[in-house]
Amino acid sequence: MRVLLAGPIGKLATEAAGMLDARCFSVDPVPTGEEALQHSRQDSYDAIAFDVSLADMPGLEFVRRLRSARCQVPVIALVRQLAPRERARLLDAGADDVVALPCEAEEFAARVRAVGRRARGFTQSVLQCGPVELHMNSRLARVNGQDLRLSPTEFRVLQLLMLRKGALVTKTSLMDALYNDPDEPEIKSIDVLMHRLRKRLAAGGAAALISTVWGAGYIVRDPGAPLPTAESAIRLNGAGLAVH
């Protein structure tokens, strides 16, 4: 999952980033609310987390501006201590969760996964498409009931595709979700990664799980569902991904 994380360096956001990085989330940290608002318009995220003590604006204003800009990405407010009334105001403004830090890293990661799932229409931690099951909490993949061995990167790609089942995922979106440093590999590395992932799926009996939309990207779809054309990808792409 790709998470936008807003907050001053050395405070709550840094603490949260460490917990998510250790659990294979892709984290884009920014120090201010304004930068986070800009990133939310330009890039695609599975969740946005922010320190309510932003340097440039109150946390409540940040949430309101996100929602007034029609940003539908799940939002998590990070706090040390906050009165119940203030928590309620954040939730009423459009935040999906309020998390008090410090907390157990596994709990925090689970709450981020949970808001991301609910936003995509999933209520359980197990994603399923055809014969493939993806257990997000335990990070296990199964095909036809048999364990499928995946590398951490392969698991992240499959999770991203299955969370967006039926919607186009572009190569650029995959690059952004997997790599967030200036020395990221060339985009052709996605072709190599997808070839390897498809080979593993085929060996387990799920060769048709991932389809290519030529000139656009990749899509995971239920058995028998039609494959969209590149021209219809924008219309089908209701998950908020940018089409490149």
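These are my notebook entries on a predicted model and what I looked up in it.

**Ground rules.** Residues are numbered from 1 along each chain as its sequence is written, and side-chain values use heavy atoms, with hydrogens and water left out. Because the model is predicted, local features need pLDDT of at least 70 and side-chain atom pairs count only at pLDDT 80 or more, while totals for chains, interfaces and linings use all residues.

**Overview.** I began with the secondary structure. I found nine helices and 12 strands. Helices (H or I, at least four residues) and strands (E, at least two) are DSSP runs, numbered from the N terminus. I then looked up burial: of the 244 residues, 48% count as buried. Buried means under 20% relative accessible area, exposed over 50%, and partly exposed in between, with a 1.4 Å probe and protein chains only. Next came contacts, meaning heavy atoms within 4.5 Å. Among contacts with a separation of 6 or more, 59% are between residues 24 or more positions apart.

**Helix α2.** I asked which residues of α2 are buried. In this helix, residues 33-42, they are G33, A36, L37 and S40. Seen down the axis of α2, they fall within an arc of 100°, so they line one face of the helix. The arc is that of the directions from the helix axis to the C-beta atoms. I also checked what these buried residues pack against: β1 (2-6), β2 (26-30), β3 (47-51) and α3 (59-68).

**Aromatic pair.** I searched the whole structure and got one aromatic pair. The ring centres of F50 and F62 are 4.8 Å apart and their planes stand at 50°, so the pair is tilted. The cut-offs: rings of Phe, Tyr and Trp (its six-membered ring) pair if their centres lie within 6.5 Å; planes under 30 degrees apart count as stacked, over 60 as edge-to-face and the rest as tilted. F50 belongs to strand β3 and F62 to helix α3, 12 residues apart, and the pair links distant parts of the chain. Both F50 and F62 are buried.

**Backbone checks.** Most residues other than glycine have a negative phi, and most peptide bonds are trans. I looked for exceptions. L101 and P102 are joined by a cis peptide bond, with omega about 5°. P102 sits in the loop between β5 (97-100) and α5 (105-119). R70 has a positive phi, near 65°. I placed R70 in the loop between α3 and β4 (75-79). Is R70 buried or exposed? R70 counts as exposed, at 70% relative accessibility. R139 also has a positive phi, near 60°. R139 lies in the loop between β7 (132-135) and β8 (140-143). With a relative accessible area of 28%, R139 is partly exposed.

**Q159.** From R139 I went to Q159, 20 residues apart along the chain, and found their C-alpha atoms separated by 9.4 Å. Q159 is in helix α6 (residues 152-163). Q159 counts as buried, at 3% relative accessibility. Leaving out residues up to four places away in sequence, Q159 touches M1, L127, L134 and M136.

**Helix α7.** I listed the buried residues here: S173, L174, M175, A177 and L178. Their cover includes β1, β2, α6, β10 (169-170), α8 and β12 (217-220).

**Helix packing.** Two packed helices are described by the angle between their axes and the distance between the axes. Axes are lines fitted to C-alpha atoms, for helices over the stretch in contact, and angles run from 0 to 180 degrees between N-to-C directions. Angles under 35 degrees count as roughly parallel, over 145 as roughly antiparallel, 65 to 115 as roughly perpendicular and the rest as oblique.

I took α7 (residues 171-178) with α8 (residues 188-204) and read an angle of about 90°, axes 10 Å apart. The two are therefore roughly perpendicular. On the α7 side I noted K171, L174, M175 and L178; they meet S189, I190, D191, L193 and M194 in α8. The residues of this contact divide into six nonpolar, one polar and two charged. Here Ala, Val, Leu, Ile, Met, Phe, Trp, Tyr, Cys and Pro count as nonpolar, Asp, Glu, Lys and Arg as charged, and the others, Gly among them, as polar.

Then I took α6 with α8: about 85°, axes 10 Å apart. That makes α6 roughly perpendicular to α8. T153, E154, V157, L158 and L161 in α6 meet α8 residues L193, M194, R196, L197, R200 and L201. I read seven nonpolar, one polar and three charged residues in the contact of α6 with α8.
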